[in-house]
Amino acid sequence: MGMPRFFSFFTQSNQRDSLPSNRQNLVNNANTHRQDGFLSSVFGFFRRQFRSGEKIDGGSRTEEEEKVYSWLYALAQSDKDLVFEYVRSTERGLSFTEAERRLKENGPNVPLEYTFPSWWHLLWNAFFHPFNIILIVLSVLSYITSDNPNGCIMLILVFISVSLRFYQEYSSSKAAMKLSEFVRCPVKVQRCAGRVVQTELVVQIDQRDVVPGDIVIFEPGDLFPGDVRLLTSKHLVVSQSSLTGESWTTDKTADVREDRSTPLLDLKNICFMGTNVVSGSGTGLVVSTGSKTYISTSFSNIGKQKPPNSFEKGVRTISYVLIVVMLLVVSIIIAADYSASYDLSESILFGLSVACALTPQMLPLIVNTSLAKGALAMARDRCVVKSLSAIRDMGSMDILCIDKTGTLTMNRAVMVSHLDTFGSTREKVLHFAFLNSYFKTDQKYPLDDAILAYVYTNGYRFQPSRWRKIDEIPFDFMRRRVTVVLEKQSNANNRQLLDRFMVTKGALEEVMKVCSFVEHFDRGEITTFSTEDNQRILNVVEELSNEGLRVIGVAMKSLEMKRTFESMDYVDTIESDMVFLGLITFFDPPKDSAKQALWRLAEKGVKAKVLTGDSLSLAIKICKEVGIRTTHVTTGPDLELLNPDAFHDTVKRATVLARLTPSQKLRVVESLQTVDHIVGFLGDGINDALALDAANVGISVDSGASVAKDLADIILLEKDLNVLVAGVEQGRLTFGNTMKYIKMSVIANVGSVLSLMIATLFLRYEPLTPRQLLTQNFLFCLGQIAIPWDKMEEDYVKTPQRWSVKGLPMFILWNGPVCTICDVVTLLFLVFYYGTLNKEDTSLFRTAWFVEGLLMQTLIYHLIRTEKIPFIQEVASWPVICSTILISAIGIAIPFTIVGEVMEFIELPLSYFGFLVVLFIGYFTVGQIVKRLYILVYKKWL
């Protein structure tokens with residue numbers, strides 16, 4: 001992933017001249033205002049500990065974020081006149097000359113500038129693998145010593161490995177980050193012109209040309225081009241979903257002075273870059289642009305290269321250890337062989353062959369083939385894998401952080417109840433809500449569909465055919481309610497009369513504003529809407545909200561009969577003096593599959609944590625429905641008050657974290673990673689980008705924001721957690737097969753090389769010629785190609801699998817000697833039974849040693865791959881079995897063929913094969929005993 005290049009935040013360069021020096025003073029003063037109390041100690045700690053601007057742990061904000069917080073809070077607490085002074089602007093706006101000067105000094109108004117990986121960058125990453133480098137070095141040495149076939153084989157292995165990884169990652173590579181998607185639009189600004197008499201002009205400019213000090217004019221649908229301090233506002237409603245993830249809107253107003261206790265995103269007089277106007281209008285003073293805005297500092301970590309995971313560190317460690325062992329052992333072998341043959345070139349060639357035998361040449365190929373196979377398997381489950389290593393990380397994942405909406409829930413409204421002002425069920429409330437939804441001709445919203453579905457499915461018969469629609473006042477974001485005027489024929493004193501009603505439903509507070517009366521169903525009367533009625537309704541709504549329900553209000557009133565009714569002329573007067581009937585409640589129900597999927601993940605050792613921007617009560621309600629514990633919950637504002645230690649402890653225990661900002665989601669993920677958790681994050685919004693980028697496994701969905709999909713390692717084509725369960729299983733299968741190969745190959749190779757060294761020192765001649773040794777190594781490597789298609793035991797995929805730094809050395813120390821002992825037994829048998837100590841009998845010894853070594857290295861995999869008894873309690877997959885039989889048959893048959901003659905082999909006596917049967921029975925017996933003792937001590941095998 002590319003490295004971000006962003007403008008310095010508060011530097012000592014000339015760029016600061018465009019912002020007043022009292023901006024820095026204002027930030028410093030804002031800090032000094034907090035010197036008393038608990039917050040003072042917290043922010044003081046931040047200033048002392050994090051001056052470098054780097055995130056040391058997940059419980060802290062960077063210095064840049066602290067400066068932005070202080071700057072915006074200071075402006076929110078100040079009068080408008082002071083705000084103009086702080087940014088060196090006027091009520092008329094900036095002059096064109098001053099705006100141009102500031103644009104040159106500050107640069108274009110873009111959040112971040114990114115460079116993204118090119119094809120050669122991806123190719124280099126695929127190529128630069130420790131074992132690829134070792135193979136290339138050995139290949140070069142092979143060509144130097146005229147061992148061309150061996151050099152060619154190793155280069156082919158490198159080519160296949162690199163091609164597999166490069167093709168998979170290039171075809172799914174990350175597209176360009178689209179942070180500009182929410183700010184690329186024209187902006188209306190107020191500028192002043194004229195030298196003597198200045199005239200205010202409203203001009204339209206590109207958002208890239210907006211500078212601090214500009215006065216912007218906004219209407220519904222506009223996006224804020226920077227952080228803005230409101231100057232005027234009229235019924236202003238703003239959506240901050242790009243920052244918070246909440247679907248609800250926020251009311252903003254210019255006529256208020258905030259204090260430090262208000263959470264930053266809840267400030268009423270501050271609007272943030274990237275948010276948009278839902279309804280209303282107003283003007284605002286741009287106080288920060290570009291990389292100095294809240295969203296830019298919050299997202300400044302996007303694109304930074306992740307540190308290597310435990311698997312990558314482990315492979316690197318193995319490579320270094322093998323290089324050291326290789327240099328040591330090969331030096332001894334070359335010296336011993338030269339002392340016996342006095343042929344330096346032949347001794348070097350033999351030593352080089354031993355070095356090739358010590359190298360797990362198939363490791364890059366096995367790893368990349370396993371990952372590519374896993375990617376194809378996940379593709380069948382409708383997953384797009386963009387980073388192959390993410391599959392392996394899914395096998396190690398032990399915590400999955402998920403957003404609520406659309407993942408745990410169906411992302412649609414279902415009606416729950418229809419209540420009066422006392423919280424009792426009343427059919428009349430439902431009746432009028434149904435009529436409103438049924439007759440409205442404006443766009444039908446999900447809540448309307450939910451009301452209609454509730455009525456139809458529960459058998460209510462409200463007979464809408466008896467009603468006739470007269471007019472409608474459609475929904476708009478300023479009123480946030482919809483009204484229909486209906487007419488119904490009734491009988492009174494044997495006369496046919498027409499009753500006309502106006503029915504309104506919408507946002508509770510907006511409906512209550514137009515009500516002067518309230519209906520008491522229990523007493524059968526309508527009374528004046530009193531303060532007690534208002535408080536009682538709010539109490540009922542609070543209880544419903546705590547249950548995770550969304551509430552709207554319903555009201556009605558009778559109208560006098562008129563021949564005409566011009567709705568739009570009567571909006572302000574007609575929607576008044578209404579009778580409040582009651583409440584309609586809705587719920588976003590959990591998916592049927594969510595509870596089962598979470599249970600399956602828990603079975604496999606993956607704990608779920610819900611990180612959401614929605615309210616705590618709603619999150620708790622959903623979590624209870626799907627079986628997530630809610631004994632430990634917290635919110636973003638509460639986390640802001642904690643010091644780092646308390647932050648880590650709270651995040652560790654909490655299962656539900658609500659009202660989180662993007663930077664808080666990031667800090668939660670980083671906090672979990674500091675205590676050695678492998679964290680997966682499932683998110684689909686711009687507000688999830690930080691956490692997706694920081695997580696070990698970033699997961700998004702096909703319908704998510706482009707930023708989220710760009711940063712994700714895995715993209716789900718369906719919002720179904722069961723797909724993740726399959727991904728976890730596939731990741732553990734991939735990890736397990738990779739570990740099988742690593743442990744088997746290291747043990748077999750190290751054991752074989754030690755045996756060669758012992759044999760060289762004992763025999764005083766080469767136990768195998770370079771050609772024979774390379775042929776044996778090639779056949780062994782060929783047989784391992786089937787490993788990615790092997791299966792894993794059920795118990796293995798039930799728990800997260802991690803690379804153990806100490807595990808592999810101890811595994812080698814326990815199991816390596818068993819292989820070497822068998823080779824030494826073979827050496828002694830050949831020397832004392834067949835008398836092969838003399839150089840005249842080298843052909844017999846080398847043939848026998850070749851066959852035994854190849855069979856040993858081929859069969860050892862079956863002992864290593866399972867905790868159980870191989871071939872009896874557990875049998876490998878059929879590709880592995882076929883590969884074992886094929887390679888073993890080739891190894892036994894070679895001495896009896898023309899190829900054997902070319903390689904100076906001779907036919908082996910039948911008695912030797914009888915010895916091999918006894919030897920391998922003994923090997924599997926001793927190996928199984930060592931295995932059980934190892935499991936008894938370390939409680940695990942692979």
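These legends go with a handful of close-up views of the predicted model. Local features are taken only where pLDDT is at least 70 and side-chain atom pairs only at pLDDT 80 or more, while totals for chains, interfaces and linings use all residues. Residues count from 1 along each chain as its sequence is written, and side-chain values use heavy atoms, with hydrogens and water left out.

**View 1. Helix 30, end to end.** Here's helix 30, residues 842-864; helices are DSSP runs of H or I at least four residues long, numbered from the N terminus. Its 23 residues should span 33 Å at 1.5 Å a residue, and the end C-alpha atoms sit 32 Å apart, which agrees. The expected span is 1.5 Å times one less than the number of residues. Of the 23 residues, 22 are buried (under 20% relative accessible area; exposed is over 50% and partly exposed in between, with a 1.4 Å probe and protein chains only).

**View 2. Helix 30 against helix 31.** The two helices pack at about 175°, axes 9 Å apart, so helix 30 runs roughly antiparallel to helix 31 (the word applies to angles over 145 degrees). Axes are lines fitted to C-alpha atoms over the stretch in contact, and angles run from 0 to 180 degrees between N-to-C directions. Among the residues meeting here are F850, L854 and Y861 of helix 30, and I881, I887 and I892 of helix 31; contact means heavy atoms within 4.5 Å. By class, the contact holds ten nonpolar, five polar and no charged residues (nonpolar: Ala, Val, Leu, Ile, Met, Phe, Trp, Tyr, Cys and Pro; charged: Asp, Glu, Lys and Arg; polar: the others, Gly among them).

View 3. E98 and R102 join side chains at 2.7 Å, N to O; a salt bridge needs a Lys or Arg side-chain nitrogen within 4 Å of an Asp or Glu carboxyl oxygen. R102 is buried, at 2% relative accessible area. A network of salt bridges links E98, R101, R102 and E105.

**View 4. D420 with R426.** This salt bridge comes in at 2.9 Å, N to O. D420 is buried at 2% relative accessibility, whereas R426 is partly exposed at 24%.

**View 5. D790 with R865.** These side chains form a salt bridge at 2.8 Å, N to O. The pair links distant parts of the chain, 75 residues apart: D790 lies in the loop between helix 28 (770-783) and helix 29 (807-833), and R865 in the loop between helix 30 and helix 31 (878-893). Both D790 and R865 are buried.

Key
Parallel < 35°, antiparallel > 145°, perpendicular 65-115°, else oblique.
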